[in-house]
Amino acid sequence: MYKKDYEITKQGEVYSLKHNKRKLLKGRLGTNSYYSVALNYQGKAKQYLTHRLVYEEYKGGIKKGMVVDHIDGDRLNNNINNLQLISQSENILKGRKKKRLESSVIDTIRELKPSMEKRKELCEKHGVSMQTICNIVNNRVYSVGSDCLK
């Protein structure tokens with residue numbers, strides 16, 4: 001339906017091919033911390049989750065009861081090599097196994113307001129995803145002992 005007007009790359013980028021031009025679509029970061037892009041079909045725009053578009057483009061359809069999982073836990077990393085299909089129950093269990101941070105670490109990260117380069121170092125040091133560090137820095141709700149937004 002939309003395929004002839006858009007190109008989806010293995011790196012997780014979505015391009016418009018309309019009007020004989022290749023234009024990178026910015027997309028938006030939703031409150032659920034997933035990127036989505038608006039694709040137009042027959043004059044109507046609809047939001048699509050970028051990681052699902054990438055998965056479907058390169059690995060095929062998503063069966064009922066299955067979800068596209070970010071292997072490294074970083075919802076911003078939509079590279080095809082970082083996406084896998086798992087069941088909803090597996091996804092819930094995977095979420096429970098995520099690294100938990102102490103309140104003192106969270107407070108320190110918020111005070112630092114680190115650059116993107118420093119954020120990468122913090123990810124490696126504390127064993128958490130870039131998304132987790134971004135959520136902390138941007139004062140999104142992060143409860144102690146939890147790696148999820150509330």
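Biologist: What should I know before I start?

Modeller: The model is predicted, so local features need pLDDT of at least 70 and side-chain atom pairs count only at pLDDT 80 or more, while totals for chains, interfaces and linings use all residues. Residues are numbered from 1 along each chain as its sequence is written, and side-chain values use heavy atoms, with hydrogens and water left out.

Biologist: What is the strand order in the open sheet of 3 strands?

Modeller: In general, strands of a sheet pair through backbone hydrogen bonds, either parallel or antiparallel. Strands (E, at least two residues) and helices (H or I, at least four) are DSSP runs numbered from the N terminus, and two strands pair if DSSP finds at least two bridges between them. Here the order is β1-β2-β3, with antiparallel pairing. The edge strands, β1 (6-8) and β3 (23-24), each pair on one side only. Between β1 and β2 (residues 14-16) there are 3 bridges, and I8 stands opposite V14 in β2.

Biologist: Which residue takes a positive phi in the hairpin of β5 and β6?

Modeller: That's Q42, near 50°, in a hairpin with 2 residues between the strands. Strands β5 and β6 (residues 44-49) run antiparallel, joined by 6 bridges, and N40 has A45 in β6 as its bridge partner. β5 (residues 35-41) also pairs with β4 (residues 28-29) in the antiparallel sense, over 2 bridges. In that hairpin 5 residues lie between the strands, and S33 takes a positive phi near 70°.

Biologist: How do I read α3 against α5?

Modeller: Two packed helices are described by the angle between their axes and the distance between the axes. Axes are lines fitted to C-alpha atoms, for helices over the stretch in contact, with angles from 0 to 180 degrees between N-to-C directions. The axes of α3 (residues 103-112) and α5 (residues 130-137) come within 8 Å and cross at roughly 70°. Angles of 65 to 115 degrees count as roughly perpendicular, and α3 and α5 are therefore roughly perpendicular to each other. At the contact (heavy atoms within 4.5 Å), I106, I109 and R110 in α3 meet I133, I136 and V137 in α5.

Biologist: Which helix lies across β1 and β2?

Modeller: Helix α1 (residues 50-59), running at about 85° to β1.

Notes. Parallel < 35°, antiparallel > 145°, perpendicular 65-115°, else oblique.
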